[in-house]
Amino acid sequence: MKVDYPTLAKTIAALTEGETDVVALMATVACEVHHCDDRFDWTGFYRVTGPQILKIGPYQGGHGCLVIPFSRGVCGAAARTREIKRVGDVDAFPGHIACASSTRSELVLPVEDARGALLGVFDIDSDQPAAFHQRDADEIDRILKAVFGRL
């Protein structure tokens, strides 16, 4: 099963319309994205909770790391640089944090509010190598901006 991005975007827009609670929005997005594509093994948010610190937020899948400093891993790099990170082989990524031994590839996107404040990162892991394409990054980024960019 591969994601149908137009349908996913419409579904998330309908489910989140009028909602302003960040955690409720994160939970809804994580759930909808996780169940839309069989490449997505772990799907969730890491929230900015202090200076240079991410803590686990709403997610779907097995356990995730509880705390990730901006200085470590793919999630930390995405938070630190505020750039999308698409990693085809996590073992080749310097400083990768192995929260789950099954993860082979990862897509991490920074999440900002309307003022440009970093709320956290959205992390999608796959048990398949090189599972993510540029279209995945572009479409999911567009969804995140539509949901969180109005806050």
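Biologist: Which helix does Val-33 lie in?

Modeller: Val-33 sits in helix H2, residues 22–34. Helices here are DSSP runs of H or I with at least four residues, strands are E runs of at least two, and both are numbered from the N terminus. Keep in mind that this is a predicted model: local features need pLDDT of at least 70, side-chain atom pairs count only at pLDDT 80 or more, and totals for chains, interfaces and linings use all residues. Residues are numbered from 1 along each chain as its sequence is written, and side-chain values use heavy atoms, with hydrogens and water left out.

Biologist: Okay. Is Val-33 buried or exposed?

Modeller: Val-33 is buried, at 1% relative accessible area. Buried means under 20%, exposed over 50% and partly exposed in between, with a 1.4 Å probe and protein chains only.

Biologist: And what does Val-33 touch?

Modeller: Not counting residues up to four places away in sequence, Val-33 touches Leu-8, Ile-12, Phe-40, Thr-43, Phe-122 and Ile-124. Contact means heavy atoms within 4.5 Å. As for Ser-126, 93 residues away along the chain, its C-alpha is 13 Å from that of Val-33.

Biologist: Switching to Lys-85: where does that one lie?

Modeller: In strand E4, residues 85–87. Lys-85 has 18% relative accessibility, so it counts as buried.

Biologist: Which residues is Lys-85 in contact with?

Modeller: Setting aside neighbours within four places in sequence, the list is Val-74, Ala-77, Ala-78, Glu-106, Leu-107 and Val-108.

Biologist: On to backbone angles. Which residue has a positive phi of about 60°?

Modeller: That's Gln-52, which is not a glycine. For background, most residues other than glycine have a negative phi. Gln-52 is in the loop between strand E1 (42–50) and strand E2 (53–60), and it is partly exposed at 48% relative accessible area.

Biologist: What about Ala-130, what is its phi?

Modeller: Also positive, about 45°, and Ala-130 is not a glycine either. Ala-130 lies in the loop between strand E6 (118–126) and helix H4 (134–148). Its relative accessible area is 48%, so Ala-130 is partly exposed.

Biologist: New topic, rings. How many aromatic pairs are there?

Modeller: Rings of Phe, Tyr and Trp (its six-membered ring) pair if their centres lie within 6.5 Å; planes under 30 degrees apart are stacked, over 60 edge-to-face, and the rest tilted. By this rule the count is five aromatic pairs. In one of them, Trp-42 and Tyr-46 have ring centres 5.8 Å apart and planes at 25°, so the pair is stacked.

Biologist: Nice. Zooming out, how many helices and strands does the chain have?

Modeller: Four helices and six strands, in the order α-α-β-β-β-α-β-β-β-α along the sequence.

Biologist: Last one: how much of the chain counts as buried?

Modeller: Of the 151 residues, 46%. As for contacts with a separation of 6 or more, residues 24 or more positions apart account for 53% of them.
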